[in-house]
Amino acid sequence: TSKTKDRSEVSGGGKKPWRQKGTGNARAGSNRSPLWRHGGVVFGPVPRNYSFKLNKKVVRKSKLMALTDKINENKLLIVSAFNFDKPSTKEAYNVLKSLKINDNKVLVVIDRLEGNKVLSFRNLPNVLVTSYKSINTYELLISNFVLFTKDSFEKMLKELSNARS
């Protein structure tokens with residue numbers, strides 16, 4: 001972001017520099033005009049907020065459409081649970097390998113982002129770990145496969161269906 005000062009923000013310029021007529025100089029009302037040295041900038045850059053608000057119904061519908069798309073393509077998988085005694089990337093890789101999705105972009109959706117599940121999956125390339133609450137449509141669309149735990153899938157469906165229509 002960058003910002004320049006316009007003529008009202010530059011210091012000085014409160015008094016008319018000379019009288020209107022009779023001096024031979026051009027008319028001038030302020031010595032902080034953009035034409036003058038140390039004057040303000042005319043159409044300079046101003047910091048802006050480029051964010052925009054998306055309606056909750058639109059967000060909800062986009063998530064449902066992305067999930068429906070994954071289901072229709074047989075790219076959504078549901079696992080009963082992940083049981084890791086200790087963080088083990090090797091075990092996490094073996095889980096993906098047994099499902100034959102280890103060479104694809106995989107979105108792993110779990111209940112909470114804590115514990116051995118996250119520590120096991122996060123170091124794998126092409127694997128993104130998220131909770132069902134923080135999942136977004138972009139993550140659903142860019143991943144080749146979506147891997148849910150049973151609890152997280154049920155909670156997400158409940159959350160999406162409880163929203164007002």
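Biologist: Is Val108 buried or exposed?

Modeller: Val108 counts as buried, at 0% relative accessibility. Keep in mind that this is a predicted model.

Biologist: Thanks! Where is Val108 found, and what does Val108 touch?

Modeller: Val108 is found in strand S2. Leaving out residues up to four places away in sequence, Val108 touches Phe82, Phe121, Val127, Leu128, Val129, Thr130 and Leu147.

Biologist: Which residue in S4 stands opposite Val108?

Modeller: That is Leu147. Strand S2 covers residues 106-110 and strand S4 covers residues 145-149; they run parallel and are joined by four bridges. Another bridge pairs Val106 with Phe145 in S4.

Biologist: And what is the bridge partner of Leu77 in S4?

Modeller: Leu147 again. S1 and S4 run parallel too, with four bridges joining them.

Biologist: In what order do the strands sit in the sheet?

Modeller: The order is S1-S4-S2-S3, four strands in an open sheet with parallel pairing. Strand S1 (76-79) and strand S3 (127-131) are the edge strands, each pairing on one side only. On average, neighbouring strands are turned by 20 degrees against each other, ignoring direction.

Biologist: Changing topic: how many salt bridges does a search of the whole structure find?

Modeller: Three. One of them joins the side chains of Lys3 and Glu9, at 2.9 Å from N to O. Lys3 is partly exposed, with 45% relative accessibility, and Glu9 is partly exposed as well, at 37%.

Biologist: What about Lys155 and Asp111, how do their side chains meet?

Modeller: They meet in a salt bridge, 3.8 Å from N to O. Lys155 lies in helix H5 (residues 150-162) and Asp111 in the loop between S2 and helix H3 (116-121), so this pair ties together parts that are 44 residues apart in sequence. Lys155 counts as partly exposed, at 39% relative accessibility, whereas Asp111 is buried with a relative accessible area of 18%.

Biologist: Why does 18% make Asp111 buried?

Modeller: Because buried means under 20% relative accessible area, and Asp111 has 18%.

Biologist: Got it. Which residue forms a salt bridge with Arg112?

Modeller: Glu114 does, and the closest N and O atoms are 2.7 Å apart. Arg112 counts as exposed, at 57% relative accessibility, and Glu114 as partly exposed, at 49%.

Biologist: Now Lys63: which side chain of opposite charge is nearest to Lys63?

Modeller: Glu159, which is 5.5 Å away. Lys63 is buried yet has no salt bridge.

Biologist: Why doesn't that pair count as a salt bridge?

Modeller: Because a salt bridge needs the side-chain nitrogen within 4 Å of a carboxyl oxygen, and Glu159 is 5.5 Å away from Lys63.

Biologist: So where is Lys63 placed, and what does Lys63 touch?

Modeller: Lys63 is in helix H1 (residues 56-72). Not counting residues up to four places away in sequence, Lys63 touches Ile135, Asn136, Thr137, Leu140 and Leu160.

Biologist: One last thing: what separates the C-alpha atoms of Val108 and Gly29?

Modeller: They are separated by 66 Å, and the two residues are 79 residues apart along the chain.

Methods
Residues numbered from 1 in each chain as written. Predicted model: local features only at pLDDT ≥ 70, side-chain atom pairs only at ≥ 80, totals over all residues. Heavy atoms only, no water. Pairing = 2+ DSSP bridges. Helix = DSSP H or I, 4+ residues; strand = E, 2+ residues; numbered from the N terminus. Axes fitted to C-alpha atoms, helices over the stretch in contact; angles between N-to-C directions. Buried < 20%, exposed > 50% of the residue type's maximum accessible area, 1.4 Å probe, protein only. Lys, Arg positive; Asp, Glu negative; His and termini not counted. Contact = heavy atoms within 4.5 Å.
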